[in-house]
Amino acid sequence: GSGSNGVGVGMVPAVSRSAVSRGVVVRRPGFVEGLGEHRAKAERMFSLMDGFLKNDPISLQKDILHHVEYTVARSRFSFDDFEAYQEVVIGRVSWLRDRDVWHIVDQCAEALNQLGFEFEVVAEQEGDAALGNGGLARFSACQMDSLATLDYPAWGYGLRYEYGLFRQIIVDGFQHEQPDYWLNFGNPWEIARIHVTYEVKFYGTVEEVEMNGDKQKIWIPGETVEAVAYDNPIPGYGTRNTINLRLWAAKPSSKFDLEAYNTGDYINSVVNRQRAETISNVLYPDDRSHQGKELRLKQQYFFVSASLQDIMRRFKEEHTNFDELPEKVALHLNDTHPSLSIAEVMRMLVDEEHLSWKKAWDIVCKIFSITTHTMVAEGLEKIPVDLLGSLLPRHLEILYEINHHFMEELKERIGLDYSRLSQMSIVEEGAVKSIRMANLSIVCSHTVNGVSKLHLETLKTKTFKDFYGLWPEKFQCKTNGVTQRRWIVVSNPSLRDLISKWLGTEAWIRDADILSGLRDHVDNADFHLEWKMVKKVNKMRLAEYIEAMSGVKVSLDAMFDVQVKRIHEYKRQLLNIFGIIHRYNCLKNMDKDSRRKVVPRVCIIGGKAAPGYEMAKKIIKLCHAVAEKINNDTDIGDLLKLVFIPDYNVSVAELVIPGADLSQHLSTAGNEASGTGNMKFLMNGCLLLATEDGSTVEIVEEIGADNLFLFGAKVDEVAELRENGVSNLAPLQNASPLKVPLQFSRVLRMVRDGYFGHKDYFKSLCDSVEAANDYYLLGTDFMSYLEAQAAADKTFVNQEKWTRMSILSVAGSWRFSSDRTIQDYAESTWKINPCRCPL
Ligand code: 9GP
């Protein structure tokens, strides 16, 4: 929606809704296009543009009509909302460097209005670019926004998938996956750079040749494809700094396949060319599956090779001495997916630039840093040596050599401790010999980051214990954050206006610390009144959406209780559903008088299950089966409703999060590396009901345990509980001493016995939480969960207390801005300074 005060919410590029960048490249000062020695030129260009650009409604209208006729070739008398959206974007995207772009929303709205369009409707035409799986992808988008806003010179790189994450549709309560061809009607935000292309090579052999009296390895590749750049500008807020997210698309190599032609195998040569394009076709939605391993590896190398060629080209345009590379370039790896970069930079420096191994390795160790985003050790990537050797034979040799040097160094440091040596080795011997990409990344990175304090602790004491012992100084904590510009300014304009009014400034949009000033008004009755009004408006929006999506009418007086995130056993959506069944049982057994005292609830669940993840799909079906029962029970009416929101994505999140009263973050302690959904809800004044996991621990530090509803086993109790079913540590607060509480068994039995139908289908789901198998401790945490829920009900009745808690949540969210995270990365990992574009 447009703002009344000129905040350019309409101009945030579509691509930043989702996210894509796996690797972020930070360019150290003095190496920025348009800056440094080009400063004067840049200033001249900007001042020319200032004179040229006209952003008044009439000029904007002319521009829109011009693009309608000459860009999409439609009649200026007949074009629809989507075309109007495209034209507004196309007309302005190339001007993103202009500071005024942030202040033209009102003019755009007026221009469109005079042409007979509604700005809000036109803005809604922008779809999600769902180019990532979940948390990490969306977090990267927040990082890009912060990098741009804080004036850091950075590039994001990723793949331009034609099919991003699937579209979820629900048929009879079952999830079905449909391809989401997000590029169907073009993406007006992107700029195709058809002249920025690189050859990416695969397969082939390695040969040894004599060069200047030395033996030199050269790679003779067997297949070549071309990478074409598509740029997605990311404008900073309140600054001219616009950074770039460069996405690569695969195209057949322009080199004619002479051999195939000569042998008359024309058809095969065409098929081969088509095969090239499959590299950037599909994002694999299943994080755990091993399906399409070779294609996945190809995707990784394709992305890595194109990005590094791009970076090296720019470096070499201005520098000849590779000793300067670490001063000019910092390469950051998000998870291990881009970690082939390490071998690739070594190959470029040694084989192509003819640096000695030692010199190249010294340079490489100064430019890489990594953040891991997962708690699960099994989630760490391993690439089978056979596969790697066939696709990238030279890289495998390089990896072996890196490992050889590392093992030698390690033997000197720890002696011949073979068990530790084999644990830490980059090469895993075993049934399937593999390369451990996490070990490779740690060995080469100067900094290894965790995404919350708890996560870092796990990395230090468990996942990478041995490496921590060796290099304690490498390990750092960079607690995640989210951008207030999307998660308040764009998605909750009413809250934005209210915050600005009471803080007397909009400066918090750039400087989130200022949000803590809301604490000064926490007891002001007028503020409370306006705060509640904002929530009501957002609840109305959400209620309308729910009715349109599911046909379920919900009461605005009910507590809107939301759990939206990927469906996964560790995130325990099942605990939520079991809690709802328990609530339903209680309601059924109450007399009329007692029912009158009950706080009505609307339970909202949403999220996608990976296509191959059976258990997660069963959880979605169970949710629908329970919803059908409850929502059609006239006995229950408005007291309890359950709705599943299909196709949860960023656009849906922008609607759901502002409208939530309570949000649930139920991961079994020790499983969520950080979590960022909790931060988005916090920023929107929604109270959290959560376990002490990931970044929630730090939220508690900031806002105090009294301002949210905590429950469940703590991280240091989990192992013991798994072993014995009960804790031998301090007894869990408020928890039942029973191994499996009666209430839990009753709910489980109902599902088992077919109370919600589909008895056979739900059997394995029930088995997975039966006492002996209950790995994620649903039974153990159930009573504590119910108590937290009861505390939430009780507090909701006391609206003054609830509103206070809500205000304090937003006030405390300053610490979870991605600006803070990026500042921290800039100062302690990348060692870069802001580089402000001249105004
Ligand atoms: O599961 C983590 C989530 O806890 C974290 O908040 C997010 C951003 O750091 O990354 C998620 N991990 C992934 O998406 C893949 O490792």
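Mentor: Let's start with a term: a nonpolar core is a set of buried Ala, Val, Leu, Ile, Met, Phe, Trp, Tyr and Cys residues joined through side-chain atoms within 4.5 Å. Keep in mind that we are looking at a predicted model.

Trainee: Got it! How many residues are in the largest nonpolar core here?

Mentor: That core has 106 residues. The members that touch the most other members are Phe202, Trp248, Phe302, Ile402 and Phe406.

Trainee: And which helix gives the most to this core?

Mentor: Helix α9, which spans residues 293–318, with ten residues.

Trainee: Let me zoom in on isoleucine 402. What does it touch, leaving out residues up to four places away in sequence?

Mentor: With that exclusion, isoleucine 402 is in contact with Ile342, Met346, Trp357, Trp361, Ile426 and Leu440.

Trainee: New topic: serine 434. Where is it found?

Mentor: Serine 434 is in strand β14, which covers residues 434–436.

Trainee: Is serine 434 buried or exposed?

Mentor: Serine 434 is buried, because its relative accessible area is 5% and buried means under 20%.

Trainee: So what does the side chain of serine 434 reach at 3.0 Å?

Mentor: It reaches the backbone oxygen of valine 432. Beyond four places in sequence, serine 434 also touches Lys382, Ile383, Pro384, Val385, Ile426, Val427 and Glu428.

Trainee: Okay, helices now. At what angle do α31 and α32 pack?

Mentor: Helix α31 (residues 778–797) and helix α32 (residues 799–812) pack at about 110°, and their axes are 5 Å apart. The two are therefore roughly perpendicular to each other.

Trainee: Which residues make that contact between α31 and α32?

Mentor: From α31 come Ala792, Thr795, Phe796 and Val797, while α32 brings Gln799, Lys801, Trp802 and Met805. By class, the contact of α31 with α32 has five nonpolar residues, two polar and one charged.

Trainee: One more pair! How do the axes of α22 and α29 cross, at what angle?

Mentor: Helix α22 (residues 573–588) and helix α29 (residues 742–752) cross at roughly 95°, with axes that come within 10 Å. That makes α22 roughly perpendicular to α29.

Trainee: Which residues meet there, in α22 and α29?

Mentor: In α22 they are Phe578, Ile581, His582 and Asn585, and in α29 they are Gln743, Phe744, Val747, Leu748, Met750 and Val751.

Trainee: And how many of each class are in the contact of α22 with α29?

Mentor: Seven are nonpolar and three polar, with no charged residues.

Terms used. Residues are numbered from 1 along each chain as its sequence is written. This is a predicted model: local features need pLDDT of at least 70, side-chain atom pairs count only at pLDDT 80 or more; totals for chains, interfaces and linings use all residues. Side-chain values use heavy atoms; hydrogens and water are left out. Helices (H or I, at least four residues) and strands (E, at least two) are DSSP runs, numbered from the N terminus. Buried means under 20% relative accessible area, exposed over 50%, partly exposed in between (1.4 Å probe, protein chains only). A polar contact is a pair of N or O atoms within 3.5 Å; within protein, one must be able to donate a hydrogen and the other to accept it, and residues adjacent in sequence count only if both atoms are side-chain atoms. Contact means heavy atoms within 4.5 Å. Axes are lines fitted to C-alpha atoms, for helices over the stretch in contact, and angles run from 0 to 180 degrees between N-to-C directions. Angles under 35 degrees count as roughly parallel, over 145 as roughly antiparallel, 65 to 115 as roughly perpendicular and the rest as oblique. Ala, Val, Leu, Ile, Met, Phe, Trp, Tyr, Cys and Pro count as nonpolar, Asp, Glu, Lys and Arg as charged, and the others, Gly among them, as polar.
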